[in-house]
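Dear colleague,

I am passing on a structure that you have not worked with before, and I would be grateful if you could look through it alongside the notes in this email.

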Amino acid sequence: LQNQLFQAQKMESVGVLAGGIAHDFNNLIQVMRGNLELLTMETNFDVRTMKRLHVVVAAMDRAAKLVQQLLLFSRKVESSRMKVNLNQAIREVSRLLERTIPRMISMELHLASDLGSVSADPVQMEQALLNLANNAADAMPEGGRLIFETENVLLDESFAKAHPGAGTGSHVLLSVSDTGFGMDTATLTQVFDPFFTTKETGKGTGLGLPSVYGIVKAHGGHIQCYSEPDHGTTFRIYLPVMEQERVQERETPEEICPENG
Ligand code: ADP
């Protein structure tokens with residue numbers, strides 16, 4: 001618990017700092033990028049100069065992406081909650097991924113037909129799913145399987161005890177699995193640390209999973225990572241089912257409608 005608290009405080013302070021800087025940087029980068037693009041369109045530069053300018057634009061795009069990650073991580077983005085069916089969010093994300101992830105990766109969806117709804121920001125949920133899926137793709141350079149799965153679960157006291165920070169009652173369990181190169185224990189213990197990355201400079205920001213963690217926590221959920229070197233990785237996200245759908249948990253009908261008894 002001590003460790004969880006420390007983790008939360010660390011995330012909070014890095015988040016506030018990063019959010020402030022990212023917000024200003026986002027505006028500056030957009031101004032620079034826009035003007036540079038106009039310049040390349042309006043002026044007849046020679047080939048060498050054009051090449052150099054394209055390198056600058058590409059670097060700016062990377063900077064913009066990093067800043068977007070920082071904004072997401074600090075959740076300086078607008079948040080609006082609504083009734084969300086996570087199956088729909090997964091379908092949306094898988095359509096996007098079909099165009100962006102390598103062909104050698106096959107995508108599978110195993111979605112519960114009667115999945116409970118959650119109160120969530122659909123954009124943030126999709127961002128979280130995209131982050132997990134992109135990491136999964138990075139872990140399968142030679143191809144493999146990317147699996148999204150949803151199910152309804154009822155978490156009891158013993159689960160909550162074994163998983164500090166998790167709640168009890170009706171939850172939606174959302175799993176994202178890959179058959180990639182996995183992680184050793186040292187990596188696994190740091191995956192949610194801000195700025196921790198094993199990827200080469202320019203490729204990894206170390207903000208993907210902290211963002212996912214922050215989003216899940218902000219939604220009252222719980223996230224767990226399981227991984228085995230050379231076999232693959234699974235992220236499990238538990239999100240509480242919306243209040244009005246939680247009636248199933250109560251056992252006796254008298255409790256649901258006492259006035260009818
Ligand atoms: P980044 O992707 O920018 O490195 P993340 O916070 O998303 O930042 O991930 C942190 C690190 O966790 C990655 O660099 C990688 O070492 C590890 N990781 C995350 N997801 C996976 C995965 N599906 N398989 C193997 N390693 C992973």
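Predicted model: local features only at pLDDT ≥ 70, side-chain atom pairs only at ≥ 80, totals over all residues.

I begin with helix α3, which runs over residues 86–100 and has 15 residues, and which reaches 21 Å from its first C-alpha to its last, close to the 21 Å expected at 1.5 Å a residue. Within α3, the residues L86, A89, I90 and V93 are buried. Because these four cover an arc of only 95 degrees around the axis, they lie on the same side of α3. The covering over the buried residues of α3 includes the strands β1 (82–84), β2 (105–110), β3 (118–120), β4 (144–155) and β5 (169–178), together with the helix α4 (122–138). On the face of α3 that is turned away from its buried side, one finds the exposed residues R95, E98 and R99.

The buried residues of α4 include Q124, M125, L129, N131, L132 and N135.

As for the ligand, there are 22 residues around it, of which N135, A139, T197, G204 and G208 come nearest. The elements that give two or more residues to this shell are α4 and α7 (208–218). Sorted by class, the shell around the ligand has 8 nonpolar, 12 polar and 2 charged residues.

With kind regards

Terms used
Residues numbered from 1 in each chain as written. Expected span 1.5 Å × (residues − 1). Buried ≥ 20, exposed ≤ 12 C-beta atoms within 10 Å, placed from the backbone. Arc of directions from axis to C-beta. Contact = placed C-beta atoms within 7 Å. Near = placed C-beta within 6 Å. Nonpolar A, V, L, I, M, F, W, Y, C, P; charged D, E, K, R; others polar.
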